[in-house]
Each structure stands twice: as structure tokens, then as C-alpha cells.
Amino acid sequence: MASTLSDQLEDIRCHAEACLYSTGSVLEVRAGISAMANIPLPPSVKYCYIAAETMIIENGVNNNRQETIGSLQRLSTALNILEKYGCNLTSSSRPKYWRTVKHNNPVFRATVDAIQGGRAVLGLYGYSNQQPDGLSFPDEVVEPDIEKVAAVTLEVMSLRMELDMLIKEAHPHPEFFERIIPSLNQKDDFGPISDAVAIPSSLRESQPLYMSLASLSQSSTSAFLPVRTANASTSTSISTRHTDNCTICAIFPVAAHCNSCVQWLCTECDRLYHFSAERANHHRTVVTSSKMRKNHSSSLPSWHCTYCNRVNSNQDILCETCERPRLASSGSAKDEFPQPSTITGSSILCEVCERPRLATKPPATPTRPPTPNRPSAPVLGMPGDPDSQWVCQFCTYVNYTPASVCEMCDLPRPEPAKMRVKLHPPSQVRRVPVLSVKPKDPPMEDPDLRRQKRIREEGLKLIQLIRDGEKKGVSPEEVYTGMRVSGYGNILPCDWLKAELPHLLDQICATATSSRAALLKAGQNQNGSGTAEDTGVEEEQPRGGGVTLSRAEAKLAWLSAGGDTERAARQALRDRHAKVKELCSLGFTDEARCQEVLRQSEGEVRGALSLLQRPLMEPFHQRMWSDQPEPPIDINHPDKQHVCRRLLAVYDLPSWGRCELALSLLQERTAPYSLDDVVQAVRESHDRDFIRRVLAKECPICLSDFPHSKMQSLTSCQCSVCCGCFQQHFTIAVRDKHIRDMVCPVCWEPDINDPEHLNSYFSTLDIQLRECLEPEVYELFHKKLTEQALIKDPKFLWCSHCSYGFIYDGDQLKVTCFQCRNSFCAQCKKPWESQHGGVSCERYQSWKRQNDPEYQRQGLAGYLRDNGITCPNCRFQYALSKGGCMHFSCSQCRYQFCSGCNNPFHTTCAVIHCSVTGLHAHHPRDCLFYLRDWEPGRLQALLQNKSVEFNTDTPPGTQAGLCGVIEQKDEGGQQMDSACGAQTQPGHAGLCEKHYREYLVSLINGHSIDPAPLFNANELVLACRRYQVDDARGEMEDDMTYYTRILEKLIDEVPLGDKVPRKK
């Protein structure tokens, strides 16, 4: 059964949580909370997040049931506030300051902070960061955990509903709480009560029924007051008991009782509630303490009826004999109590308004209409209609319902909405006549309040006029002054200012002028009579002619004088006199001129000063705008400040100190510095030693001293040379050398063979050469740079007859050079002959060897020439042998490579674990670099193993004894092409031994024959180490097995050279 209830609780909880933080309706959430509260499970099982049982024990355990109920009411109020915090966090329209909870909030301090466990619930919401003035979310938390907040809020709502039902004795399972709080089992002892009067449910559930009598206005009973009927002797209990706490906050003790609104209020609630002007005149009685009220109530054990003189009990309201009220006068009952048609003698409550028989007349406009109790499980803070939202002026809580009181502090709304009066059916109890209440006289209006009201109305009117004036461009001072001058009539100040102010300002100007003239005349008469001279008093007399004020000056004086015309005229004259004195103190002694420029500038001293200085600046302006050149700066001028000012103005130096530093450097006798160089160096630094080093840099080529601005440097290195040497070096390189020779003349950097740095280097060099080279030299540089870029195109061809290159887009083998007009084959690059037409290059070469006598006469020398050296970078062909030094440098692109395997020569090696420094290349095992050391017989044996034919006989017609192979020789520092001329050997086909080996290696490479099978033991081990092949020998492994294994491993792991020239 317990598991079934737990599952049911979990299902209800999940549905209610989803409705709370999503778009679910309020009714669905309320139904879920009601269902959770009615499930018969103890709090320790029902609530997962909040410690409900602990909170109830810590806040609800007291000595008797009455105190326990009061504690539970305070706990319910605190849970109501916590519920609002949770609903604000789950709402889509979250309040602006949702991240913090302030401790100085009186509502928070009186409710949540007054119970045990309140801050723990806030911690579950996410307020875990302790601040000096409250709690807040951590800084790293951007949004609250909506699902967790919804779950905690749901439990807070459910616990509050259960506490409300427990307080009203409507809980379906109170035994769970009676086990926790034993004092709930105690019953209140009020004595036997019979003949209970039926009180309507709306009155019983809404608020306590206060029976306010004229004589009981200063004392209140703390127990139920029995009411007797005419035919019964027992008492009837009506719930008119007053507690010791405030009726609004139910927390603080009562300090005052209001007779008008029938409220028992604490000090803070009394101040806030009667702050409104509508309730400020309510008469309130100070209540000292509950103990004094009890003593006062107990001091009246009985009372005498004024009609029948019967002594009645203090608890009786009506006399037991005549049923007259306790404080009724001794007049006639017929005259005093008229019997209306709607009231019967046995009724205690009115059938229309349901007020008690002896209650006072309600006010015509209730300041705080009675509000019903909250529903059993309200969902406060749910987003609703935006028009129904309003902010409480006391606690700043955002209310989402159109109620007349705040849901947080229960204080009234600023403009309470009119509540519809609910008519109840006539009561079946006995009706009694209503006591007539003498109407109250209207209160006297307080003079201070009337004065404050008038001041407020005038202030609001002035503010509105100022706002209207700002829209029309009128200042607040003008509006206020205009309103004072124009009077408080029907004309608006802005309209008056537009129509009358110009004439008034002209009048002020005229008054000031006439006053000035009268003052001048009086001064002249005084000087003529000699009064000042006789009395010995020297007075300052006004100088100059009449004063003409501008409207702007008159307007300022009018505003400062508060609208008084005469005062404004005098103030304007005083201001003008002070401005003239200020201009005179600056060196302008002509008072008449000062008066004129002040009039032109409308009284502004800055504008007048500009007008006075303009004629003085005229020579400077003429010199600045003249066409004559600026005179040079004379550093030997005797006026040092004059020279520094010229330096500061012409060269825009950063400070006066830099100008003095530049002048001192220029005046040094041993310093051959130019003015521009010194100025440039002084702009960069203020250190004298550093500037001297910058101004005297030595060129490493011509060994002369130059300033830093006259030195040139490349981006590839840190070397600096003078501009002359830089220009001369690159002019010679462009005219007489290759494009790859255009490097630094000092360190010969960078390495042009590196293609990655080639483009970036030449792009920067192009900018430098454009400024220093002559136009024709720069054009030649661009031409060579373009050829260098064209070489990389696969369609680029070199002419076999001349050194001209071009791009060929055709598909024919025959190509005609645009330079020499000779033809050659686009594929084999041989001079074109008619026999080549329609025949492949291989068949043409075969025919030429068989039928061309000249080719036959050359023998293998012609073969080596036809299979000469081809540059792998630019594809330029050289009819040269490969013997001798294997390092070859192309004359066209300056690419350095091995003539046997075409691998590049470089100084910066990219091969891993290479320890060789300097210029070198990495050769494969079938390169001529290694095979040229083999004996011809060994090379012939390698060819015979692969059944490749080779020549050994000397061809007829060749020169006997001398090798005729063309090779490149270094003669006198130049590379020259000439015949080998070495002695031939028998069986070498008319070639020397070196070139015969080259011939045999060319056959080996042409047929892709691997020389590894003929390696001896030392060569095999050395090759494995060279190409990083594991040559470790196994245990008990004989030589034959070892060498056979590493040979197979070398052949499998290290292939032949991929750039080695193969058979054409």
C-alpha cells in the first residue's frame, strides 16, 4: 500500500512540477498540490527536498494548542513568502533583481528570517552565496535550475496547504502532525457553550468578526463573547476573539487600535496603513499590552442594565431580562430601535450586509475593503494578464492578480479596485433592531495640508510648463522668469517670451545706453568743477563712448535679475565693464574697440578675444599662404628659442626638449649630420648616445659612415649597407648575373634554392628595387623574374638551338623557336629533321644511329651527348657527360643538383638523422656517384646478368687514342664546354675509362637494374647503415644466411632512385 501511495505521489508531483515551470494552468497546479496534501503519508516520506518534519518541530512545538496554532500560522506565512520567491524564479517574466534576497527587507525579516529552516529553503532555490546584506546566486550561475526550483516550490506550497488545513481543523489526516506536535491534541477550555448561532461561511472564513461598540473602543476581550437569545438562558459563542498580534502581519504585538477601520495594528503596520491621505484622519487608540487589556477586562465582573437595572454577567452583551444592549441609553426602546422590515427581533446578523447587530455603520468609501482568506492552495506568482500586474509601493512585490491588497505584505493597493458586493441569502437567525449611529461631522481641513497641496499643485504646473518649454527650445530659467513677469494669467510663458521678450530686451539695452551716457556726462561735469581735485579723492571715471548691449547680454542680465528691468540694465552694465577690464588686462587698451568686439560677439569674452587677435595674426597668415618658399632654418641663429620654435613648427617634433637636443647635435663641430637625419633620429629616441650611433653607421662594403635613414637592409638578414652600394650591387646582378644571384652582398643570404622562401623574398625585394634602380634596370629585373616564374610551367620549352625559352600550347612535335626561327622536337628536344616527321622519338633515334654517318663516327660520345644532363628544375638540356664532379649548377636557373640522380644539393638538410654539414646531396644506390667506382668488368657482369647488350668495339671513323666526349671544364674561373681528350683503353668502345663507366651506368639506369646483388659484404653492411636498415645479426646466424637476409631487407625497404634518368 505504501509503495502504491508513493507511486501516486510521484506521478502527481511530476505532473504538477511540469505545469509549474511550463505553460500549465493555475488550476492544474492547484489541483496537483491539493492531491499531494491529501495523500495519507507522513511528512518525512512525502517531502523529498525540504525538511518538513524538522521545520514543523522547530517552529510549532509549544506548551498549549493556542500557542502551537499561532506558531503554525507564522510558519504558514513564512512559507507563503518562500512560495512567492520560488514562483518568481520559475516565471518566464522574472523580476529584475531575482538574483539577490536582501536581509533589510522588513517582510523577509519578519517572516522567513523569523522561522527555523527558512534560509535552508532559499539555499535549495539556489541562493547559496552569502553577501554582507543578504543572499544571492553564485556569479557563475547564469540561470536558476528551473526544474529543481519548481520541485522545491511545489513542496513549499503543499506544506503550506497542509498547515492551513491543520489550523482550520480540516486536515483529512491530522494524526501525522499530532504525532510530531503533541500539543495539537489539547482542546481549548472555554466552558460549555450551547444554542450556537449559525454564522455564514463567508463571514467565518473571511476574517474575524469584530463587534465594535462605542464603549468598547478602548478595551477588547480576549475570549469568545457569548450572546444570549430571548428564549434561552445559555450563551452563544461568536468568534470575535482578538489575538495579541497585529491583524495585518500577525507577527508583531498590537500597539494601536483604529476605531474607523476596526483594526488592531502594530507600530510599523499602523504607520504604513494610515500613511494614505484617505486614512490619515482615523482616530486610533494606543494599546499598551495584552496584559493590561486582560486586567481591564477582568475588572468588570458584571454590569447593570439601564432599563431594568438587572445585574448581568460581564460576558453578556444583551440584558437577560429586556434584551437591551449593554451600553444602550435609557430612552424608549420604540424610539431608539426602529424595526425595519428586513430585521426581525431574533436576528443577530443583518440579512443584507451580515454585520452584527451592534456594529457601527461602515464608512461610505471603505479605505480597505474586507479581503477573503486565501484559498486553500493558491499558486501565487504565476504569470497572467499583463494588465493585471501591479507593484506594491510598500514591499515592491510584483502582484499578478488584480487584488486590492498586496499578496506579500497584505497592505492596500495605491488605487484599490472597487469590489463587487456579494449578496448572501437571508439568515434564519433571530433579527434584532439596528442601533442608530450618529453621523460624524466632516473633519476640519488642516491649513498645513492645504498649503502643501497648493504648493504641490503649483510645482506640478511649473514642471509641465518647463517640459513644454524644453520641447520649444526654451530653458527652465526663461520659463520661470517669464511666468513671474507675465503673471499667472491665461497666457502661457512660452507664448509671452516669443511675443514680448524681444521688446523687453531692447528696452533694457536702451536703458543701459542712456544710463551710460548720463554717467559719462556726470563725470565730465565733475571733472570740470574740480570737485575731485579739491577733495583729494581720485575716482575712476568711465572711459570711451556709449555702450551698445546685445540682446544676448540683456537676456542674461534679465534672467539673473529675476525679470526686473532696471536691475537687469544695471547688471548688464556691470558685466560689460568687467569684461572690458578683462580684455584690457590681456593687453588690449583700446576700450572703444573692446566695446565693439564684445557687442559683435554678443558678450562672449572668447569670441571678442578672437576678433581682437585676428589683425595681429594677419602677417602670419600672409606668410603662410604666400607662394614663396619657406626660408631654411639657420642653426647658427643667435636666438636659440627662435630656432627651436621653427624646428617645432616645421618638423613637428614631440617636445621642446627634443628640439633643443636636435639643435645641440647640429651645432657639434665634428658631426657631419644633416638636418633631416638629425630630426629623424630625434623623433625615434631621446638618448644622445643612441642617436649618435644611429647617425654614424658604417657600411660594410665601402666602409663609410652614414645615418640609419641612409642605410638599406634586406628582410632575409640583419646586414645593412648604404644606399649607393645597395643600388650598385643589384644593378650589376640584374644586368650581368642570374636572378638567383640577387642576394645580400654581405652574407649572401637567403638560399634561393629553397622554393618556400623564394616568392616571399622576391615580393619584398621588388618593392625595394623599384625605388633605387633605374627604370631600364628595373624592367630587366621584372623580365628575369617573369622568366623564372614561367620555367615552372609544364608547357615551357627551351630552344635546342639558342637559349630562348617560351610556352608552347600546341600538340605537334615540331616546334619553331620565336627567337632564332629554328625547329626542334618538343619531346626529345633534338633539332628537327624531315625523317622525324610521323615517327616517334625512339624510332627516329634508332634510324639516326643506323643511317647517319656523322652520328656513327661519333660513336658512344654522341650517345652520351644525346643523353646528357637535363636540369630537373627548368628542364634545360646540356649535351655534356656526367663524369667528373657530380655537383652540377644550371646556368639558366642556378639550380644545384647531382648529374647522376638529379637529387638537389643543399646546405640545410631535410633528411632525418643526417649528420653531414655543408653542401651535400643524398644519392640512391644506383646513382653514378657510387657506381663510378666499380670496375668496367663488374658493371658489364651486372648488365650480362640482365641480358642487356653493350658496346666494346671502337666505332670506325673516330679519332684513335683520344676520348671525344664533351664535358664542362673550369678554365680561368669560367665554365667552358670542351672535349675530354683523355687516353682511351682497348675494349672501351673508343672512350676513356671514366666515360665508359658512365656509358655502362647509363645502360644500368636505363633498364632500372639494381646493383645490390653484386655488393660485397662490406658494401652491403655500409648500404644498410647509410639507408638506416636494421643490420643486427642474429644469434648462431652464419654469414651466408645473414648477408642474404639483409640483402633482401635492403631491396624490400629501400627502392631505387625515383629521379634517376631512365631509358628514353
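Helix α19 (residues 565-585) supplies the largest share of a positive surface patch, three residues. The patch is made up of R484, R567, R570 and R574. Patch members have over 30% relative accessible area and no salt bridge, with like charges joined within 9 Å. A salt bridge here is a side-chain nitrogen of Lys or Arg within 4 Å of a carboxyl oxygen of Asp or Glu. R484 sits in helix α15 (residues 476-486) and is partly exposed, at a relative accessible area of 48%; buried means under 20%, exposed over 50% and partly exposed in between, with a 1.4 Å probe and protein chains only.

A word on the model: it is predicted, so local features need pLDDT of at least 70 and side-chain atom pairs pLDDT 80 or more, while totals for chains, interfaces and linings use all residues. Residues are numbered from 1 along each chain, and side-chain values use heavy atoms, leaving out hydrogens and water.

Now to the rings. Rings of Phe, Tyr and Trp (its six-membered ring) pair if their centres lie within 6.5 Å; planes under 30 degrees apart are stacked, over 60 edge-to-face and the rest tilted.

| Pair | Centre distance | Plane angle | Type |
|---|---|---|---|
| W496 and W558 | 6.2 Å | 25 degrees | stacked |
| Y996 and Y999 | 5.9 Å | 40 degrees | tilted |

W496 in helix α16 (residues 493-529) and W558 in helix α18 (residues 551-560) are 62 residues apart, so their pair links distant parts of the chain. W496 is buried at 11% relative accessible area, and W558 is buried at 0%.

Y996 and Y999 are three residues apart in helix α35 (residues 993-1006), about one helical turn. Y996 is buried at 0%, as is Y999 at 4%.

Key:
Patches are made of residues with over 30% relative accessible area and no salt bridge: like charges are joined within 9 Å, nonpolar side chains (Val, Leu, Ile, Met, Phe, Trp, Tyr) within 5 Å. Accessible areas come from the Shrake-Rupley method with a 1.4 Å probe; for residues, only the protein chains shown count as cover. Lys and Arg count as positive and Asp and Glu as negative; His and the chain ends are not counted. The place of a charge is taken as NZ of Lys, CZ of Arg, CG of Asp or CD of Glu. Helices (H or I, at least four residues) and strands (E, at least two) are DSSP runs, numbered from the N terminus.
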